[in-house]
2 protein chains.
Amino acid sequence: MSVNELTVDIEAIRPFGPARSTVTARPLSDAQLKQYDDFFSASLYLALGMIYLRSNPLLREPLQLDQVKARLLGHFGSAPGQIFTYMHFNRLIKKYDLDAIFVSGPGHGAPAVLSQAYLEGTYSEVYPEKSEDDEGMQKFFKYFSFPGGIGSHATPETPGSIHEGGELGYSISHAYGAVYDYPNLIALTMVGDGEAETGPLATSWHSNKFLNPITDGAVLPVLHLNGYKINNPTLLARISHEELESLFLGYGYKPYFVEGDDITSMHQAMAATLEQCVVEIRAIQQEARSSGIAKRPRWPMIVLRTPKGWTGPRKVDDHFLEGFWRAHQVPITDVRENPKHLALLEKWMRSYEPERLFGTAGHISPELKAALCPTGNRRMSANPVANGGIVKKPLKLPNFRDYAITVDQPGVTFAASMQNMGGYLRDVIAKNQTNFRLFGPDETESNKLARVYEAGKKAWMGSYFDEDKDGGNLAPAGRVMEILSEHTCEGWLEGYILSGRHGLLNSYEPFIHVIDSMVNQHCKWLEKCLEVEWRVKVASLNILLTAVVWRQDHNGFTHQDPGFLDVVANKSPEVVRIYLPPDGNCLLSVMDHCLVSANYVNVIVADKQDHLQFLSMEDAIQHCTKGAGIWPQFSTDAGHEPDVVMASCGDISTNESLAAIDLLLQFFPDLRIRCVNVVDLFKLISHADHPHGLTDREYVALFTDDKPIIFNFHSYPWLVHRLTYKRPGSTNIHVRGYKEKGNIDTPLELAIRNQTDRFSLAMDAIDRTPHLKNSGSSARQELLNAQISARNEAFENGVDPAFLNKWAWSRGAGKWKEAA
Amino acid sequence: MSVNELTVDIEAIRPFGPARSTVTARPLSDAQLKQYDDFFSASLYLALGMIYLRSNPLLREPLQLDQVKARLLGHFGSAPGQIFTYMHFNRLIKKYDLDAIFVSGPGHGAPAVLSQAYLEGTYSEVYPEKSEDDEGMQKFFKYFSFPGGIGSHATPETPGSIHEGGELGYSISHAYGAVYDYPNLIALTMVGDGEAETGPLATSWHSNKFLNPITDGAVLPVLHLNGYKINNPTLLARISHEELESLFLGYGYKPYFVEGDDITSMHQAMAATLEQCVVEIRAIQQEARSSGIAKRPRWPMIVLRTPKGWTGPRKVDDHFLEGFWRAHQVPITDVRENPKHLALLEKWMRSYEPERLFGTAGHISPELKAALCPTGNRRMSANPVANGGIVKKPLKLPNFRDYAITVDQPGVTFAASMQNMGGYLRDVIAKNQTNFRLFGPDETESNKLARVYEAGKKAWMGSYFDEDKDGGNLAPAGRVMEILSEHTCEGWLEGYILSGRHGLLNSYEPFIHVIDSMVNQHCKWLEKCLEVEWRVKVASLNILLTAVVWRQDHNGFTHQDPGFLDVVANKSPEVVRIYLPPDGNCLLSVMDHCLVSANYVNVIVADKQDHLQFLSMEDAIQHCTKGAGIWPQFSTDAGHEPDVVMASCGDISTNESLAAIDLLLQFFPDLRIRCVNVVDLFKLISHADHPHGLTDREYVALFTDDKPIIFNFHSYPWLVHRLTYKRPGSTNIHVRGYKEKGNIDTPLELAIRNQTDRFSLAMDAIDRTPHLKNSGSSARQELLNAQISARNEAFENGVDPAFLNKWAWSRGAGKWKEAA
């Protein structure tokens with residue numbers, strides 16, 4: 001098997017021994033070494049204190065059981081390596097006056113970043129009761145992972161954090177998102193080797209192909225080969241040194257290794273390596289900026305291999321702790337039950353010499369702090385970029401009214417709503433060349449938004465071919481970010497927004513489910529930020545969904561899933577908004593509204609094909625502002641109670657609902673139909689449950705509480721029931737929507753299978769309107785025949801009958817009019 | 001910038017010119033070359049025919065507009081490279097009698113695999129009307145991407161497919177899943193370079209660290225550098241040759257390159273390279289199997305770089321087609337409007353010489369077929385493994401009753417339900433050592449299932465350290481698959497099941513959202529399979545969710561999300577099942593049921609902590625068989641109408657609901673309470689909408705149609721409303737569940753914030769039971785006080801008051817009893 005043999009030098013991938021490093025300089029003096037040793041010890045002590053102590057924070061007296069927390073929580077495993085990286089980078093912040101943030105990728109990494117924020121003084125500034133003394137430290141310890149306190153991740157309560165790390169996989173994409181358009185910013189980013197196994201992380205390394213050394217800042221990734229996950233070794237810690245190096249060369253980086261556990265030599269190696277990386281980053285930027293030529297370089301990155309739970313006991317009783325997975329979480333779990341282990345913990349904690357380091361005053365010496373920590377906003381825990389709302393500049397928005405589609409008569413003009421809105425987005429990009437980006441997984445052109453490229457091409461630092469001139473729309477300084485990874489797009493957008501900018505993600509509707517979990521996590525982040533006093537609101541995360549279910553007939557069943565709305569609707573009403581604009585002017589109005597808003601996740605669902613237009617711009621603004629309303633121009637109940645309410649939400653759904661009204665009026669010219677349209681989905685829910693919700697009185701004024709309602713909905717029908725179950729008259733709502741019936745169809749066939757087509761809706765109305773139940777039977781039969789005949793024609797030709805698309809509002813005039 | 005300069009030799013990454021390949025052998029004779037040329041042409045012709053033609057399939061007459069489909073759909077771009085790979089691998093199947101399947105990763109890859117299946121004869125065997133003659137070919141063409149026909153992906157209708165490729169990113173994990181435990185199987189797997197940008201794909205390359213060369217088969221990945229996605233170049237096609245090679249060396253493969261567009265030399269290069277890979281695979285397996293030593297080798301893989309739309313016109317008018325993104329989908333889009341382009345299409349199609357290749361009989365010559373195609377089940381399109389139900393062997397299940405938890409008295413015994421079930425799973429693994437695997441993202445031990453390792457350790461082909469002996473549970477031939485990638489776990493499991501085996505995924509509840517989209521797609525696959533006559537049902541995909549929301553108080557808000565159930569509930573009732581067993585014996589019964597079932601996605605939600613036990617095994621079986629029922633042992637309405645129904649679904653939710661009943665009975669000993677428990681969530685929905693649904697009559701017999709129902713639900717409360725909105729008495733249901741209120745809490749505090757704790761539920765019952773509204777006010781106040789006092793105690797100590805956990809059923813005896 002020699003040809004394919006793969007040899008792994010085990011000793012070369014063990015995390016022990018004197019430092020093995022690519023860079024061999026020793027930049028620290030003995031005095032400095034002592035300082036770093038002390039600072040490292042102080043920080044490690046704090047990390048352990050958070051996990052274990054509820055009182056006696058500095059062990060000024062022998063440790064008693066009742067001073068230990070009743071429930072031990074928190075993770076020590078990755079803290080030493082993270083602390084080590086953070087503090088050595090501080091030297092370079094000071095030396096080179098760097099503008100930097102720290103992104104903590106490993107799960108439950110809070111003890112590392114909190115201890116550093118506390119030592120830097122930031123923590124006590126934002127939480128004065130957690131002061132830099134015994135009393136403050138006791139509170140600082142107690143409230144970590146304690147009910148009513150703060151979590152074990154870098155949660156929104158953590159100063160300097162834009163990345164919580166509760167769900168793993170997004171540290172690199174967040175970091176890149178944060179440095180785009182901030183040419184002086186460096187995001188020092190720890191990547192856990194567990195996290196590195198996730199799909200989103202594995203592809204996000206490629207973000208370097210989108211980073212412009214002239215206009216963007218830099219990410220300095222530090223892959224922390226901590227060796228273990230919860231109960232397993234990590235993959236990257238167990239492949240050969242050569243494989244690991246190849247992998248990162250393949251990802252386009254220049255990897256530097258720092259490996260070992262001997263503290264003194266590791267200090268030197270890490271200090272030297274970080275400096276080498278900073279120097280290279282600055283040289284790359286300097287060269288690009290002075291030459292004006294943006295090329296993709298090999299950005300440096302670091303592989304830091306240290307034992308998990310580094311500096312802890314190697315063994316507890318007969319079991320490995322340091323350098324094994326048992327060091328992952330609470331390193332010694334039974335100190336409450338086992339007095340020997342309590343003593344062991346105390347000995348371990350005292351080995352960091354808390355009394356010497358924190359002194360009688362309960363804080364590290366001002367000299368040590370001054371020597372090692374940056375000050376003010378140069379502290380990574382205090383960088384305003386990590387509280388993006390502070391540095392956020394408002395978008396310069398063109399007046400969306402200028403892009404209005406002319407609608408003289410409702411329901412007779414066809415127009416390309418999405419393409420038209422693309423013109424508006426183009427000008428948003430034009431006016432905000434360092435403050436707004438459009439993101440998408442290779443679908444922007446397919447989504448009919450290609451006009452944006454007139455103001456900002458696709459960012460591309462890969463190689464260029466001659467063919468690219470033929471409609472490639474690529475540029476090193478592009479404003480549109482396209483990679484076939486919804487995860488990376490979403491991660492970039494989140495990082496971009498959380499660091500104070502604005503953006504929009506456009507995606508096919510079905511595949512937005514790929515990032516359900518990421519959006520969930522962002523919603524949770526936003527909601528918690530509302531509870532953190534010093535956090536300033538960031539721009540909303542805007543998601544435009546198109547290639548919608550009703551036009552995915554030809555792509556088939558895999559492309560039909562409008563269920564992202566259900567996922568979003570489960571999140572807190574404080575932070576989620578869902579809009580389904582029925583036509584082009586409403587789309588403009590909604591988009592403008594979302595771009596202006598703050599601290600929400602806004603989801604906009606709109607089809608990208610040509611559409612019948614219903615509202616003039618002024619009507620559209622009024623309608624979108626109300627969020628839901630009666631459309632008198634398509635209603636026949638003026639001044640009366642309606643016989644039936646025909647309601648809709650979603651552009652294609654609205655089109656069919658109006659066509660159904662038109663059909664009904666052909667047969668029943670005197671029928672009192674009320675046409676209701678919903679743009680803002682949360683109008684349906686009670687105002688007690690969502691700030692946008694209508695009162696019951698407002699709701700009944702639209703929908704009645706006793707008339708049949710035929711509600712044509714864009715998504716799964718039960719979402720409407722879930723929103724309206726408490727409403728008066730809720731049992732009268734008959735909702736049609738996608739119910740997982742699809743295959744390779746035409747739009748008509750797909751709609752018929754889900755009973756959302758005009759014929760089905762009209763028949764529904766007949767069936768449910770009391771006085772039509774008998775008198776309507778012949779009309780019903782005619783509708784059924786028309787449906788069958790249209791369906792057969794579609795099957796024969798492979799396309800729907802033309803009249804379905806050429807349909808225009810005739811107020812029941814009895815024939816399909818040709819639309820303009 | 002020399003130090004970080006990255007040079008890309010553009011010519012080396014262009015897809016044009018004579019073949020550039022790592023292997024330089026020329027294994028094909030001139031006669032063979034001619035045969036491959038002909039076969040390639042025939043297949044390409046079919047691919048174009050599918051996209052364009054509705055009649056005149058062999059162009060026996062000049063092409064007329066009405067012979068072209070009205071709507072042009074389908075993707076040509078990746079077809080040539082896929083066809084090329086498929087047909088050259090056939091040579092090796094014949095030569096070495098290989099057992100192989102083909103996994104088509106690139107999106108919309110059906111024209112490639114369908115054309116091959118048609119040429120091999122399989123297609124006409126399963127769909128006799130698509131016969132191998134003019135008439136059959138016409139139907140074959142017409143029904144491609146045509147309403148009522150088949151899709152443009154490798155859908156379930158495609159013989160030989162286990163991977164649809166509608167949503168991108170899963171080809172490699174599916175392929176590995178398929179070859180685990182099939183030592184002789186090779187999965188030839190095309191990976192699109194678009195797909196390769198997705199996160200799930202990017203990490204799935206690491207699957208090679210879990211492949212045992214003795215007991216598993218092999219995956220031969222062919223990364224198809226097709227160059228473009230929909231409208232963008234692909235990343236991997238634009239990095240340097242050196243980076244690309246490093247990347248795959250880093251992933252642990254031995255990459256072979258085949259690059260160019262000169263057909264003759266490419267034939268030789270691909271034939272030689274595939275053979276080299278097959279020889280290496282066999283050598284690796286041979287060495288491992290003869291030595292009995294399973295080591296991780298460098299498995300070979302191929303990088304195939306050909307122009308997108310290879311063999312098509314290089315330019316149409318002034319625009320690039322072949323070798324550019326315009327070749328992605330329908331290569332010439334306007335043949336219906338532009339007669340010149342129609343002529344161009346005809347010329348292009350005729351360049352493949354259809355009349356010569358398919359002759360007067362309308363099929364390729366038997367000699368050509370015999371020379372190039374395998375026969376029978378050796379054809380990749382006919383391999384029974386790709387119709388997994390055929391080869392599926394039933395699981396050998398231990399009798400789950402043997403693992404029963406003794407419950408002499410309901411609600412007084414504590415036991416570890418999950419750990420106990422782990423013993424059952426251990427024996428499932430023991431009895432099915434080549435037919436069942438357990439999958440999980442590094443959470444199996446954390447999920448209290450560590451007993452499984454007694455029968456099957458964790459599969460691990462990475463390096464071993466000494467520490468691993470200290471509880472590492474690693475083995476090259478392990479049965480438990482753990483990687484910190486839910487995507488990879490799910491992909492492996494899907495591949496394993498679809499190829500005829502059985503398995504279970506265990507995951508934390510919140511992070512299962514990471515694979516919402518994958519599970520959606522698998523549900524869609526299963527549902528479509530039901531419509532395909534020749535597909536035999538495969539084992540169910542079983543998902544066990546634990547680390548549930550109500551015990552994620554300490555991990556905080558990011559770990560609290562029970563919303564996966566909403567995603568699953570949106571899928572077709574034909575294929576989804578959701579179970580929430582209330583205790584340990586129910587968990588055993590449900591697990592056994594799921595493992596026996598076929599063609600479903602079963603989701604089981606159960607907490608992993610110790611729990612009060614409610615039902616003996618026989619009662620549990622009866623309860624789970626019914627799926628929902630009255631629990632008389634916790635009810636006081638025997639023989640009467642109840643005053644109030646206390647219902648629950650979910651183990652922790654049931655515990656609190658019962659505690660609430662106990663509390664209520666302390667205050668109101670005569671209250672007629674009916675206790676109802678739901679295990680099978682779809683019992684709640686109408687039987688008209690789901691096969692498990694109760695009839696209204698059955699429903700009312702449980703819940704009444706006029707009494708207040710206090711329903712404590714595991715997940716978001718509105719899911720219950722969505723399932724019951726049509727039910728009689730639906731307005732009486734008052735549902736409590738998680739409503740996105742959480743932080744770092746204790747379990748009690750988390751429950752209180754969401755009003756799902758026993759005190760809140762008891763107060764709810766008082767508020768909603770008519771005759772208690774006034775008389776219950778002092779009891780209500782006492783309950784409120786007790787709640788406040790427990791809450792304060794929890795905040796002070798950091799843990800909940802002990803009585804909450806020591807609670808046991810007392811039938812209102814007035815004090816908390818100590819549980820056994």
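The model is predicted.

Chain A is assigned three domains: domain 1 (21–386), domain 2 (400–610) and domain 3 (627–818). The centres of domain 1 and domain 3 of chain A, taken over C-alpha atoms, are 57 Å apart.

An open sheet in chain A is built from six strands. Their order is E1-E5-E6-E4-E3-E2, with mixed pairing. Strands E1 (20–21) and E2 (99–104) of chain A each have a single partner strand, so they stand at the edges, and one side of each is left without a neighbour in the sheet. Helix H2 (residues 79–96) of chain A lies across E2, E3 (185–192), E4 (218–225) and E6 (299–305) of chain A. The helix runs at about 175 degrees to E2(A).

In chain B, strand E10 (residues 436–440) is mostly covered, with five of its five residues buried. Phe436(B), Leu438(B) and Gly440(B) point one way from the strand. Arg437(B) and Phe439(B) point the other way. Two pairings of E10(B) follow. Leu438(B) has Leu504(B) of E14(B) as its bridge partner. With strand E13 (residues 480–482) of chain B, E10(B) pairs in the parallel sense over three bridges. In that pairing, Met481(B) of E13(B) stands opposite Phe439(B).

Methods. Residues numbered from 1 in each chain as written. Chains lettered and ligands numbered in written order. Predicted model: local features only at pLDDT ≥ 70, side-chain atom pairs only at ≥ 80, totals over all residues. Pairing = 2+ DSSP bridges. Helix = DSSP H or I, 4+ residues; strand = E, 2+ residues; numbered from the N terminus. Contact = placed C-beta atoms within 7 Å. Axes fitted to C-alpha atoms, helices over the stretch in contact; angles between N-to-C directions. Domains from an automatic or database assignment. Buried ≥ 20, exposed ≤ 12 C-beta atoms within 10 Å, placed from the backbone.
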